[in-house]
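Please read the following briefing alongside the sequence and the coordinates.

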Amino acid sequence: MVPKAELHCHIEGAASPDLVVKQAQKYGKDLSAFIRNGVFVWDDFTGFLQAYDAAAELFRTEDDYARLAEHHLSNVARDGAIYAEFFTSPDHARRAGLSPEAYTDALGEGMKRAKAKTGIESRMIVTGVRHFGVESVEAAARFAARCRHPLVAGFGMAGDERFGDIEDYVRAFDFAREAGLGLTVHAGEFGGWESVQAALDHLRPSRIGHGVRAIESADLVKRIAAEGIVLECCPGSNIALGMFDSFANHPLPALRRAGVKVTLNSDDPPHFQTSLAREYEIARTEFQLDDKALLGITRTAIEAAFVDRKTKAELLARLEPKRR
Ligand code: ADE
Ligand code: ZN
């Protein structure tokens, strides 16, 4: 099996329908509007975000979150991942009644358990949710900057990129940058190529979440390749959300050919009937990438990871062929 690494997955979006149904039973909630026959149901991005929020609201205690992180990381380890970053959302925790500190510590506990069980290395990226507004994104960045949790390695922004002006989020990213955190931002998913350019100009991240609509501007593609910006591509998510009508029309192969560094990610796996293993399989069958190319994508992910240098070197060494 090709070793894998993941940089882009939302922890609340990684809860399987089975787990969410169990949580709903535990808290006496009816989730039939969002889960039917063991499958998440929604029609469009707005509906998806509603299902996502409804599921997230059912993770309320430290134990709930520790189990969620362990559940997610055990799944990606089973898929062959040696490293995984996931997005956290202090706003979702607060809405469910837990402080950002307790939430982060609990996820850290789940990460520790998953590592003990499977060997998987992992880190958290604290995110703000764009459509929750500038103040809440700044609060998330301030929390990320001060929390000093050893497994918090980055800051990012998710949510609806059609909301607000990117310039308004500069301060949040400055807080995080000054704290030495790695930076990533969702752009070029629902926004066009201009949203990717604006994110690069104003927020100066080393990675872009999705970013695939950069393909609409040849100059921007050249710039992304020249600057070594890494795209956290999520093809299964893009097709499920209707960004592109088929894998044949997905721009990942063209971006790769243009010299852009791309990685493979599951985003919110059970919502999109995907997994990290399936994303690698899509790349193999739909984009004709062989083992060598897939291993190269894993290497790109680890090189772009927000993990400390020593751990990164150890992870990269694990990708080398074993000497006798
Ligand atoms: N939050 C969870 N999944 C997301 C996605 N695909 N785009 C933006 N925000 C998200
Ligand atoms: Zn995402």
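Helices (H or I, at least four residues) and strands (E, at least two) are DSSP runs, numbered from the N terminus, while axes are lines fitted to C-alpha atoms, for helices over the stretch in contact, with angles running from 0 to 180 degrees between N-to-C directions. This is a predicted model, in which local features need pLDDT of at least 70 and side-chain atom pairs count only at pLDDT 80 or more, whereas totals for chains, interfaces and linings use all residues; side-chain values use heavy atoms, with hydrogens and water left out. Residues are numbered from 1 along each chain as its sequence is written, and chains are lettered from A and ligands numbered from 1 in the order in which they are written.

**Helix pair**

- Helix α3 (residues 62-78) and helix α5 (residues 100-118) have axes that come within 7 Å and cross at roughly 40 degrees.
- Contact here means heavy atoms within 4.5 Å, and the residues of α3 that meet α5 include Tyr-65, Ala-69 and Leu-73, while those on the α5 side include Tyr-103, Leu-107 and Met-111.
- By class, this contact of α3 with α5 has 11 nonpolar, three polar and six charged residues, where Ala, Val, Leu, Ile, Met, Phe, Trp, Tyr, Cys and Pro count as nonpolar, Asp, Glu, Lys and Arg as charged, and the others, Gly among them, as polar.

- Because His-8 lies in the loop between β1 (4-6) and α1 (17-26) and His-186 in strand β7 (residues 182-187), the pair ties together parts that are 178 residues apart in sequence.
- Both His-8 and His-186 are buried, where buried means under 20% relative accessible area, exposed over 50%, and partly exposed in between (1.4 Å probe, protein chains only).

**Individual exposed residues**

- Ala-116, which lies in helix α5, is exposed, with a relative accessible area of 71%.
- Arg-148, in the loop between α6 (134-147) and β6 (152-158), has a positive phi near 55 degrees although it is not glycine, and is exposed at 63% relative accessible area.
- Gln-288, in the loop between α12 (276-285) and α13 (291-304), likewise has a positive phi of about 55 degrees, and its relative accessible area of 61% makes it exposed.
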